[in-house]
Amino acid sequence: QGVLVTDAEGRVAFCNGYMRRLLGRQSDPTFRSVTEAGFPEAVQERVFSGRHDLREIEILSGGTVLPVECQTAPIEDARHGGRGMILTLSDIRERQEVERMRAEKRRGETIEVIAAGLAHELRNPLAALRSGVQTLREEARSLEPSHQSLLDLVLRESDRLDRIVGEFLDFSKPRPRISTSFHLSDVVTEVLELLSHDPRRGSVQLAGEIPARLRLFADREQV
């Protein structure tokens, strides 16, 4: 903590080493007033006000903008009569970092509560949907192969959605990327099949031309 004391006439009566370092005056420690010491105007105003004051400001120290807590308080000057001032500057970078980490933690806890509620609301209808599709798939064995394939695709996509909801819930521990080798044409075929049953497609024709031998080494869930 930097400490500086002035007398009733505004002269510097004491200045400790840390305050000199903050001011960059180690090599030239002699100064007689707050103005001569090179304090920012915000600091000088508080010293000359003659009042108790406490606030956070920024000063330029060694070419770096430094956040500090600036505190001024009047003291009796028995030698000259009247009141002098005591000024302290405290480096608050560490405190600000702790406060930032606490704020991030609070935000994380809030997001976690929201995520848990959202996951619950999504998983209930998703489980009902999957159960219904699975029952339909088992009982409707007379369906055409293309329809059976669509039901299989819906089941796979519902499983994938459930995993995504789980990852969203566990946002602080994201799922590691799991890369495997697979045919890109398989993924495209599934997407085209899913889109082909979308009623919003209208008269739009879908086609995919992917070389059968084209393989990817990636996380299939993120493709």
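Modeller: Let me begin with R11, which is partly exposed at a relative accessible area of 37%. Please keep in mind that this is a predicted model.

Biologist: Which residue does R11 form a salt bridge with?

Modeller: The partner of R11 is D7, and the closest N and O atoms of the two are 3.1 Å apart.

Biologist: And is D7 buried or exposed?

Modeller: D7 is buried, because its relative accessible area is 10% and buried means under 20%. R11, at 37%, counts as partly exposed.

Biologist: How many salt bridges turn up in the whole structure?

Modeller: A search of the whole structure gives 12. One of the pairs is R95 with E69, whose side chains meet at 3.3 Å, N to O. R95 belongs to helix α4 (residues 93–139) whereas E69 belongs to strand β4, so this pair ties together parts that are 26 residues apart in sequence.

Biologist: What network are R95 and E69 linked in?

Modeller: They belong to a network of salt bridges that links E56, E69, R95 and E99. As for cover, R95 counts as partly exposed, with 32% relative accessibility.

Biologist: What about R100 and E104, how far apart are the closest N and O atoms there?

Modeller: In that salt bridge the closest N and O atoms are 2.5 Å apart. Both residues sit in helix α4, four residues apart, which is about one turn of the helix. R100 is partly exposed, with a relative accessible area of 38%, and E104 also counts as partly exposed, at 38% relative accessibility.

Biologist: Changing topic, how do strands β3 and β4 run?

Modeller: Strand β3 (residues 53–61) and strand β4 (residues 64–76) run antiparallel, and nine bridges join them. Within that pairing, I59 stands opposite L66 in β4.

Biologist: What does G62 do in the hairpin of β3 and β4?

Modeller: The hairpin has two residues between the strands, and G62 takes a positive phi near 60 degrees there.

Biologist: Zooming out, how many helices and strands does the chain have?

Modeller: The secondary structure comes to six helices and seven strands, and along the sequence they follow the pattern β-β-α-α-α-β-β-β-α-α-β-α-β. Of the 223 residues of the chain, 27% count as buried.

Biologist: Now the surface: which residues make the nonpolar patch?

Modeller: The patch is made by V191, L195, V204 and L206, and its area is about 300 Å². Of these, V191 lies in helix α6 (residues 184–196), and with 43% relative accessibility V191 counts as partly exposed.

How values were computed
Residues are numbered from 1 along each chain as its sequence is written. This is a predicted model: local features need pLDDT of at least 70, side-chain atom pairs count only at pLDDT 80 or more; totals for chains, interfaces and linings use all residues. Side-chain values use heavy atoms; hydrogens and water are left out. Two strands pair if DSSP finds at least two bridges between them. Patches are made of residues with over 30% relative accessible area and no salt bridge: like charges are joined within 9 Å, nonpolar side chains (Val, Leu, Ile, Met, Phe, Trp, Tyr) within 5 Å. Accessible areas come from the Shrake-Rupley method with a 1.4 Å probe; for residues, only the protein chains shown count as cover. A salt bridge is a side-chain nitrogen of Lys or Arg within 4 Å of a carboxyl oxygen of Asp or Glu. Buried means under 20% relative accessible area, exposed over 50%, partly exposed in between (1.4 Å probe, protein chains only).
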